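Some words in a structural description rest on a cut-off.

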Amino acid sequence: MDYDFIPFLLSLKLASITTVILLLIGIPIAHWLAFTSSKLKPFIHTLVALPLVLPPSVIGFYFLLLFSPANSVGKFLEDNFNLRLVFSFEGLIIGSVFFGIPFMINPIASSFENCPRSLIEAAYTLGKSKWETIQRVIIPFSKTAIFSATIMTFAHTLGEFGLVLMIGGSIPDKTKLASIAIYQEVEMLHYESAHFQSILILMFSFLLLFSFQITQYKPRKKF
Amino acid sequence: MNKILLKKSLNTKSNTTLDIELEFKDEIIALFGKSGVGKTTILRCIAGLSNPEEGYIEINGSIWFDSINKVNLSPQQRDVGFVFQDYALFPNMNVQDNLKFALKDKNDLPWLERVLESVKMTSFAKRKPDTLSGGEKQRIAFARAILRKPKILLMDEPLSALDYEARLTLQEEILFCQKELQIPILWVSHDKTEIEKVASRIAFIEDGKIVRLE
């Protein structure tokens, strides 16, 4: 049996990069969604929630079409930036970021919305700018939601299959992630190799979620 | 002298319009009336948290709002201390950090210590707000509001959730601080016993208007 760690490490790399990008863009978007009175809010909220209901293969299919060098966007990227996103790790990142948006943004936006108005106003009357209020009041208030959204986004990206198969294919050491490797090993009846890849994902995901639960655990008070 | 002229429609079922005219010195003015008559809105307009449709706000010689000349300072630019009804203490910060957050000069720790001592909360400095009683929270909220040495102190039902003893203590502390800082205090209340002892004048508010000032 072949103990190939690379698909698992590629999955970890993709999940880490995706989570960092989503944290950076997710918090400002969540803040906008929570506090805007713009008429565009329902439209942006729908866009953010869309990946939740679409089959990953549908998103993958449209990304494949969009990034294909045969189409204008893909051709533009290749001609001007020498960047080909189909069947590349960079393409996987973009697809995963899009797919992970609701998992990062929805919980953070609802936690921001729950931040009492008086806390924000108290910071303003104490002379604090909007930016300082976000940093020192709103984000700390929502730190559990941000932490939980980060873990869920990471774990979700780690297990993604349909989308990454569509965009990245299965190029060894490049786009062949753990979930794809498992599928292919089973297809070839290499059950031991499939077990190996599956156990890695299973144990890692369990430990990740378990550590999260431990950090959140508060024993109930006995009366 | 301080001057407040405010006109603002209140979002209540009865379509009441807030129409207030008030001049006061460095004294404690109680704004007394039933719920929904616009008392809190007056404080919010002075602090810049709500905007009146028309009006003029001048505190300690500086104009904070003037609808005719289009002056409207942000809450950050107005020098107010605001004691919120729900205390609005930052749950992620302990008592000392809540107060440090309010300091104008981060190095002015002796002043912070003095204020903390004046509300008898020095031993609570490292405690988080959720471990404090209502009275303790209110004293910290009051300490945080005066820490910036504001030009005016606005208090929204500051004693409503406190028991009798806690009320008496805080009333005395507020009186003491008013004398020390020499600033005006606008004190919203719907309970006459809470304000009779401390207020120099009481503005009786009904349907958005001051019907009596004594």
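Q: Where does I29(B) lie?
A: In this predicted model, I29(B) is part of strand β3 of chain B, which covers residues 28-32.

Q: Why is I29(B) called buried?
A: A residue is buried if 20 or more other C-beta atoms lie within 10 Å of its own. I29(B) has 21 other C-beta atoms within 10 Å, so I29(B) is buried.

Q: Which residues is I29(B) in contact with, leaving aside its neighbours within four places in sequence?
A: They are F24(B), P184(B), L186(B), W187(B), A199(B), R201(B) and A203(B). L73(B) is 44 residues from I29(B) along the chain, and the C-alpha atoms of the two are separated by 23 Å.

Q: Why does A88(B) count as buried?
A: The cut-off is 20 or more other C-beta atoms within 10 Å. A88(B) has 27 C-beta neighbours inside 10 Å and therefore counts as buried. A88(B) is found in the loop between β7 and α2 of chain B.

Q: Is K70(B) buried or exposed, and what makes it count that way?
A: A residue with 12 or fewer such neighbours is exposed. K70(B) has 7 C-beta neighbours inside 10 Å, so K70(B) counts as exposed. K70(B) sits in the loop between β5 (62-66) and β6 (71-72) of chain B.

Q: What is the phi of K70(B), and what is the phi of A88(B)?
A: For K70(B), phi is near 55°, a positive value in a residue other than glycine. For A88(B), phi is near 50°, also positive in a residue other than glycine. Most residues other than glycine have a negative phi.

Q: Why does K149(B) count as partly exposed?
A: K149(B) has 13 C-beta neighbours inside 10 Å, so K149(B) counts as partly exposed. K149(B) is in the loop between α4 (134-146) and β8 (152-156) of chain B. K149(B) and L103(B) are 46 residues apart in sequence and 9.2 Å apart in space, C-alpha to C-alpha.

Q: What makes helix α1 of chain B mostly covered?
A: Helix α1 of chain B runs over residues 39-47, and eight of its nine residues are buried. The buried ones are K39(B), T41(B), I42(B), L43(B), R44(B), C45(B), I46(B) and A47(B). After α1(B) comes G48(B), with a positive phi near 85°.

Q: How do you know that the radius of gyration of chain B agrees with that of a compact globule?
A: For 214 residues, a compact globule would have a radius of gyration near 17 Å; chain B has 17 Å, so the two agree. The C-alpha trace of chain B spans about 45 × 35 × 30 Å along its principal axes. Of the 214 residues in chain B, 43% are buried.

Q: Why is helix α2 of chain A called roughly perpendicular to helix α5 of chain A?
A: The axes of α2 (residues 41-53) and α5 (residues 89-114) of chain A come within 7 Å and cross at roughly 115°. Angles of 65 to 115 degrees count as roughly perpendicular, and that makes α2(A) roughly perpendicular to α5(A). The crossing is left-handed.

Q: Which residues of α2(A) and α5(A) meet?
A: From α2(A), V48(A), A49(A), P51(A) and L52(A) meet F98(A), F99(A), I101(A), P102(A), I105(A) and N106(A) of α5(A). The residues of this contact divide into nine nonpolar, one polar and no charged.

Q: How many residues of each chain are in contact with the other chain?
A: There are 15 residues of chain B in contact with 15 residues of chain A. On the side of chain B that touches chain A, β7 (80-83) and α2 (95-102) of chain B each supply at least two residues. The residues of that side divide into 11 nonpolar, two polar and two charged.

Key
Residues are numbered from 1 along each chain as its sequence is written. Chains are lettered from A and ligands numbered from 1 in the order in which they are written. This is a predicted model: local features need pLDDT of at least 70, side-chain atom pairs count only at pLDDT 80 or more; totals for chains, interfaces and linings use all residues. Axes are lines fitted to C-alpha atoms, for helices over the stretch in contact, and angles run from 0 to 180 degrees between N-to-C directions. Helices (H or I, at least four residues) and strands (E, at least two) are DSSP runs, numbered from the N terminus. Angles under 35 degrees count as roughly parallel, over 145 as roughly antiparallel, 65 to 115 as roughly perpendicular and the rest as oblique. A crossing is left-handed if the near helix is turned anticlockwise from the far one by less than a right angle, and right-handed if clockwise. Two residues are in contact if their C-beta atoms, placed from the backbone, lie within 7 Å. Ala, Val, Leu, Ile, Met, Phe, Trp, Tyr, Cys and Pro count as nonpolar, Asp, Glu, Lys and Arg as charged, and the others, Gly among them, as polar. The radius of gyration is taken over C-alpha atoms; the globule rule is 2.2 Å times the number of residues to the power 0.38.
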